[in-house]
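Subject: Structure handover

Hello,

Here is the structure for you to look at. My notes follow below it.

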Amino acid sequence: MPEKLINVIKYKNPRCITSIEQEIVHEYRLVDKEAKIYRCVYCCAEYAVK
């Protein structure tokens with residue numbers, strides 16, 4: 001699994017800056033390789049890959 005995903009996950013968190021500013025890229029970092037969990041670098045929302 002890649003350590004960083006850019007513009008791959010489009011998670012809609014209304015409190016995240018990416019929901020307000022359209023020019024900002026959606027960037028996630030891998031925080032748990034075994035559980036396949038990524039975290040947004042801006043709002044820290046977690047996204048689990050299935």
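A word on the source. This is a predicted model, in which local features need pLDDT of at least 70 and side-chain atom pairs count only at pLDDT 80 or more, while totals for chains, interfaces and linings use all residues. Residues are numbered from 1 along each chain as its sequence is written, and side-chain values use heavy atoms, with hydrogens and water left out.

Back to Val31. Val31 sits in strand β2, residues 27–32. Strands here are DSSP runs of E with at least two residues, helices are runs of H or I with at least four, and both are numbered from the N terminus. Setting aside neighbours within four places in sequence, Val31 contacts Ile37, Tyr38 and Arg39. Contact means heavy atoms within 4.5 Å. Lys4 is 27 residues away from Val31 in sequence, with a C-alpha to C-alpha distance of 9.7 Å.

Strand pairing

Two strands pair if DSSP finds at least two bridges between them. Strand β1 (residues 4–6) pairs with β2 in the antiparallel sense, over 3 bridges. Leu5 has Tyr28 in β2 as its bridge partner. Strand β3 covers residues 37–40 and runs antiparallel to β2, joined by 4 bridges. Here Arg29 has Arg39 in β3 as its bridge partner. The β2–β3 hairpin has 4 residues between the strands, and Lys36 in this hairpin takes a positive phi near 60°.

Salt bridges

The rule is a side-chain nitrogen of Lys or Arg within 4 Å of a carboxyl oxygen of Asp or Glu. The count by this rule is 2 salt bridges. Arg29 and Glu27 meet in a salt bridge at 3.0 Å, N to O. Arg29 is partly exposed at 40% relative accessibility, whereas Glu27 is buried at 13%. Glu46 and Arg39 also meet in a salt bridge, at 2.3 Å, N to O. Glu46 is partly exposed at 42% relative accessibility. Arg39 is partly exposed too, with a relative accessible area of 30%.

Positive phi in the loops

Most residues other than glycine have a negative phi. Asn7 is not a glycine, yet has a positive phi of about 60°. Asn7 lies in the loop between β1 and α1 (17–20), and is partly exposed at 38% relative accessibility. Cys44 is not a glycine either, and has a positive phi of about 65°. Cys44 lies in the loop between β3 and β4 (46–48).

Surface patch

Which residues form a nonpolar patch on the surface? They are Ile6, Ile17, Ile20, Val25, Val41 and Tyr42, with about 480 Å² of accessible area together. Patch residues have over 30% relative accessible area and no salt bridge; nonpolar side chains (Val, Leu, Ile, Met, Phe, Trp, Tyr) are joined within 5 Å, like charges within 9 Å. Areas come from the Shrake-Rupley method with a 1.4 Å probe, and for residues only the protein chains shown count as cover. Tyr42 belongs to the loop between β3 and β4. At 38% relative accessibility, Tyr42 is partly exposed.

Best wishes

Technical notes:
Buried < 20%, exposed > 50% of the residue type's maximum accessible area, 1.4 Å probe, protein only.
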